[in-house]
Amino acid sequence: MKKSKETIQEEGQVLETLPNTNFRLKLDSGQEIIAYLAGKMRRFRIKVLPGDRVLVEMSPHDKKRGRIIYRLKQP
């Protein structure tokens, strides 16, 4: 069986923080999802707070969960 590397990337805003580095996000498409912090962001201790804009990676199979891979710069 071949593993698929296809992912969907979208931007969104953090609504609230949940336990175990999980976050509730509102995507630009209007959808609300639960996302966790990617390993590199944990390793380098990148802080993500409510109100931050982030880039999320999602599987095409489960669009209710995602992985935060980048915190975008604030204007």
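Thr 21 is found in the loop between E1 and E2, and this spot makes a handy way into the predicted model. Most residues other than glycine have a negative phi. Thr 21, though not a glycine, has a positive phi of about 50°. Its relative accessible area is 31%, so Thr 21 counts as partly exposed. Asn 20 sits in the loop between strand E1 (8–18) and E2 as well, and this residue too has a positive phi, of about 60°, without being a glycine. With a relative accessible area of 67%, Asn 20 is exposed.

Going along the sequence, they come in the pattern β-β-β-α-β-β. The radius of gyration is 12 Å, close to the 11 Å that the globule rule gives for 75 residues, so the protein is as compact as a globular protein of that length. Along the principal axes, the C-alpha atoms take up a box of roughly 40 × 30 × 25 Å. Looking at contacts with a separation of 6 or more, 51% are between residues 24 or more positions apart.

Now for the inside. Of the 75 residues, 28% count as buried. The largest nonpolar core has 13 residues, and the ones touching the most other members are Phe 23, Leu 25, Val 48, Val 54, Val 56 and Ile 68. Strands E2 (22–27), E3 (32–37) and E4 (53–58) each supply at least two residues of this core.

Val 56, setting aside residues up to four places away in sequence, touches Ile 8, Gln 9, Glu 10, Leu 25, Leu 27, Ile 33, Gly 66 and Arg 67. Leu 55 also has its place in strand E4. With neighbours within four places in sequence left out, the contacts of Leu 55 are Gln 9, Glu 10, Glu 11, Arg 67, Ile 68, Ile 69, Tyr 70 and Leu 72. Gly 66 lies 11 residues from Leu 55 along the chain, and the C-alpha atoms of the pair are separated by 9.9 Å.

Terms used: Residues numbered from 1 in each chain as written. Predicted model: local features only at pLDDT ≥ 70, side-chain atom pairs only at ≥ 80, totals over all residues. Heavy atoms only, no water. Core = buried A, V, L, I, M, F, W, Y, C linked by side-chain atoms within 4.5 Å. Buried < 20%, exposed > 50% of the residue type's maximum accessible area, 1.4 Å probe, protein only. Helix = DSSP H or I, 4+ residues; strand = E, 2+ residues; numbered from the N terminus. Contact = heavy atoms within 4.5 Å. Rg over C-alpha atoms; globule rule 2.2 N^0.38 Å.
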